[in-house]
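These are my notebook entries on one structure. I set down what I looked up, entry by entry.

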Amino acid sequence: MTALNSIESVRNAAVKAVAETTITDLHTHIFPPSHENLLLWDINELLTYHYLVAELFTMAPAEITYQAFWKMSKTQQADLVWENVFLKHGPLSEACRGVMTVISKLGLQDELAKRDLGAIRKWFAAQKVEDYVQKVFDIAGLDYAIMTNDPFVPLEATQWTEDKPGHPLMKTALRIDKLIVNWPHAVEIMRSYGYDVQVLDDSSYSEARRFLKHWAEKLKPEYMAASLPPDFEYPKDDAMGRAMQNIVLPVAEELNLPLAMMIGVRNRATVNPALGDAGDAVGVANVEAVQNLCRENPNIKFLVTMLSRVNQHELTVLGRKFRNLHLFGCWWYCNNPSIIDEMTRQRFELLGTAFTANHSDARVLDQLIYKWTHTRKIVGGVLADKYADQFIAGWRVTEDEIKRDARHILGGSFEAFMKK
Ligand code: RAT
Ligand code: ZN
């Protein structure tokens, strides 16, 4: 293939490559349709996404209390969000735009333009979930998505102990937060499965490792994953540090199972518990913990994303220092166009293509559509700028090379890291 010979052709090729590349979604909260009612989908779920529930309470009249809201049916909650967030104010947030993109991409532009929620609901009610999963993956352009599978959540665990089928488009991840951030709760769950755990001592460590290994065997996960608070430090002689050192790291090393860490969540319990999933906030975390973990454990692979914008530069620099560290995603409060743009530029400038530009974090299946439509547009623009700069510097590329790089930052680089 011959090299592209103008800035314009290079820019167009970059935008097209990112628009069309197959994407691997590294972290989601979707489930196989066979797993009871764990898989969330449809317009009511979209409107009650916790990002939008938080927005509702920034603008709803005072008489709508948290307690009253949680007692309502899903349809009533969705109506409230529609009324207050979409109709009474300009629905300008990224979460609002997401709902619109989903509806439009599903072919319901007219219903959206007319703000006809009834007609939109009717369309969703006519979908069959199995076919709909495939449709959503096709529109989003994904080869597969990695789920979040938490054995500490009894309803989730039951699906696997009862051998309910998984799904060919969904791979597993073993979620282990509770072991690290809430040992008493983890103990309760592990004891209910018959594991002899108590205080954080040698015999409990060994039982908890046995628990993790059992679930790793059962789920065959791509990685273990934990969301950690801003005050997570390593090494440290506290409950988090001990569980990490004596339970999680030995299992990661023994099973050659990468560890994904998502760091920087201020737990809702100390922020606003009444908001439920919407109650967590963000705090600036300690990047040195990641540095110490990567240095002390060269045989363990770490996948890391951080929640605070403030942490991103330091973390990206760290990405250059360790072969066992892979940065991924613009997580949660960073998954906004202005921040994705900034983070992606920063990562290209410091890491080349050795990172994963984003993950969806979709909690509602349909969100795969908007999260990836929006990400493709921003990342395509950034890649176009980067290749335009290389053109000015004298480098010449082919369309195939640009396609290779687009895939690399949206799944290929992750897969190469995992195989290393
Ligand atoms: O992004 C989210 O929806 C958060 O509530 C969390 O799920 C977070 O991504 C996590 O995995 O803990
Ligand atoms: Zn998540």
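I looked up aspartate 405 and found it buried, at a relative accessible area of 8%. I use buried for under 20% relative accessible area, exposed for over 50% and partly exposed for what lies in between (1.4 Å probe, protein chains only). Aspartate 405 belongs to helix H19, residues 399–419. I take helices (H or I, at least four residues) and strands (E, at least two) as DSSP runs numbered from the N terminus. Leaving aside residues up to four places away in sequence, aspartate 405 touches Thr353 and Tyr387; contact means heavy atoms within 4.5 Å.

I note the basis of these entries: the model is predicted, local features need pLDDT of at least 70, side-chain atom pairs count only at pLDDT 80 or more, and totals for chains, interfaces and linings use all residues. Residues are numbered from 1 along each chain as its sequence is written, chains are lettered from A and ligands numbered from 1 in the order in which they are written, and side-chain values use heavy atoms, with hydrogens and water left out.

Entry on helix H3. I find seven of the 10 residues of H3 (residues 50–59) buried, so the helix is largely enclosed by the rest of the structure. The buried residues are His50, Tyr51, Leu52, Val53, Glu55, Leu56 and Phe57. Their cover includes helices H2 (43–47), H4 (66–71), H5 (74–87), H6 (94–105) and H18 (367–392).

Entry on salt bridges. I record 26 of them in the structure, a salt bridge being a side-chain nitrogen of Lys or Arg within 4 Å of a carboxyl oxygen of Asp or Glu. One of them joins arginine 11 and aspartate 385, at 2.7 Å from N to O. Arginine 11 is in helix H1 (residues 7–20) and aspartate 385 in helix H18, so the pair ties together parts 374 residues apart in sequence. Both ends are partly exposed, arginine 11 at 29% and aspartate 385 at 22%. I also find Arg11, Asp341, Arg345 and Asp385 linked in a network of salt bridges.

Lysine 386 pairs with glutamate 349, the closest N and O atoms being 2.6 Å apart. Lysine 386 lies in helix H18 and glutamate 349 in helix H17, so this bridge ties together parts 37 residues apart in sequence. Lysine 386 is buried at 18%, whereas glutamate 349 is exposed at 53%.

Entry on surface charge. I find Asp231, Glu233, Glu288 and Glu314 gathered in a patch of negative charge on the surface. Such patches are made of residues with over 30% relative accessible area and no salt bridge, with like charges joined within 9 Å and nonpolar side chains (Val, Leu, Ile, Met, Phe, Trp, Tyr) within 5 Å. Glutamate 288 is in helix H15 (residues 287–296) and is partly exposed at 44%.

Entry on the backbone. I find a cis peptide bond from tyrosine 234 to proline 235, with omega near -5°. Proline 235 sits in the loop between strand E5 (224–228) and helix H14 (239–255). Glutamate 36 is not a glycine, yet its phi is positive, near 35°; its place is in the loop between strand E1 (23–25) and H2. Asparagine 256 likewise has a positive phi, about 50°, and lies in the loop between H14 and strand E6 (259–263). Asparagine 256 is exposed, at 54%.

Notes
Areas by Shrake-Rupley, 256 points an atom, 1.4 Å probe, with all protein chains shown as cover. Lys, Arg positive; Asp, Glu negative; His and termini not counted. Charge placed at Lys NZ, Arg CZ, Asp CG, Glu CD.
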